[in-house]
Amino acid sequence: MTTLIKTSPIPLYHQLAQILRSQIRSGVFQPGAKLPPERELMNLYGVSRNTVRQAIDLLAREGLLQRDQGRGTFVSRPKLRLGVMQLTSFTEDMLERNLKPSSKLLRRSIEIPPEQVADALGLAPGEKAILIERLRFADDTPMALNTSYFVLALCPGLAQEDVESQSIYWLLENKYGLRIARAEQTIRATSASHQEAVLLAVPPGAPLLVVEGVAIAEDERRVEYLRSIYRSDRYEFTVNPIRLPL
Ligand code: 16G
């Protein structure tokens, strides 16, 4: 269907949304492409501004379109799907998807972590950790904000290593013999603070996903306390639960 049937019982905005949906699915509008302005769609389909807006609203709710204040409406990019049961580094995730990983180091210091972090890592009182905060990019698009505490005694060199162009998990494994084998993590929703919004290039208040927890080495030593914040327009986590027999 490429034209609207004004006598149809299907509301006009539904018909218009259906046309746009199939144009997105068939690639007429590529991921990241800008949708024609409202006025152009009004003229093209002979409908009111309200009908165009309702159709765009519907597709935005479905996640197919995204409004960017002042810039227009864009076709959403497919989300990166991460399996919850798989523990991979950011670098591995990106390379697997043929995206170029890179990082910007925002903060690095050696400090006594907050109590909750020290407890989760099983640190002795007063024991120090290396705090590393990095903004992570895929093909130069900001994707995630990684804030981690690494146990200083286990990997002291991380305080100096180049952690912008190297993978920390690679360094842990190859320089410190710490192979991250499993993690204990919680995923929850949050909304972007002003600072997070600027870093991740999303509007303030945009929905984000936070993964928080600890990464544990093969020998059960707790190595990292992590707090990773992901753009929820770019990520989804999948779970494949099984029902246990009675
Ligand atoms: C992942 C980890 C993060 C870790 C990073 C290392 C989760 C939720 N996040 O993003 O904790 O610091 O990988 O990445 O597991 P890298 O090896 O590329 O530096």
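Modeller: One term to begin with: buried means under 20% relative accessible area, exposed means over 50%, and partly exposed is in between (1.4 Å probe, protein chains only). This is a predicted model, where local features need pLDDT of at least 70, side-chain atom pairs count only at pLDDT 80 or more, and totals for chains, interfaces and linings use all residues. Residues are numbered from 1 along each chain as its sequence is written, and side-chain values use heavy atoms, with hydrogens and water left out.

Colleague: Is Glu236 buried, exposed or partly exposed?
Modeller: Glu236 is partly exposed, at 26% relative accessibility.

Colleague: Which side chain does Glu236 meet in a salt bridge?
Modeller: That of Arg81, at 2.8 Å, N to O. A salt bridge here is a side-chain nitrogen of Lys or Arg within 4 Å of a carboxyl oxygen of Asp or Glu.

Colleague: And where do Arg81 and Glu236 lie?
Modeller: Arg81 is in strand S3 (residues 80–83) and Glu236 is in strand S10 (residues 235–238), so the bridge ties together parts 155 residues apart in sequence. Strands (E, at least two residues) and helices (H or I, at least four) are DSSP runs, numbered from the N terminus.

Colleague: How many salt bridges does the structure hold?
Modeller: It holds 18. Another one joins Glu161 and Lys175, at 3.1 Å, N to O. Glu161 sits in the loop between strand S6 (141–151) and helix H6 (168–176), and Lys175 in helix H6, so the linked parts are 14 residues apart in sequence.

Colleague: Is Glu161 buried or exposed?
Modeller: Buried, at 14% relative accessible area. Lys175 is partly exposed, at 49%.

Colleague: What about Arg179 and Glu218?
Modeller: Their side chains also meet in a salt bridge, at 3.5 Å, N to O. Arg179 is partly exposed at 40%, while Glu218 is exposed at 56%.

Colleague: Which residues are linked in a network of salt bridges?
Modeller: Arg182, Glu184, Glu220 and Arg222.

Colleague: New topic. How many aromatic pairs are there?
Modeller: A search of the whole structure finds three. In one, the ring centres of Tyr230 and Phe237 are 5.4 Å apart and the planes are at 75°, so the pair is edge-to-face. Rings of Phe, Tyr and Trp (its six-membered ring) pair if their centres lie within 6.5 Å; planes under 30 degrees apart count as stacked, over 60 as edge-to-face and the rest as tilted.

Colleague: Is Tyr230 buried or exposed?
Modeller: Tyr230 is buried, at 11%. Phe237 is partly exposed, at 23%. Together with Tyr235, Tyr230 and Phe237 form one aromatic cluster.
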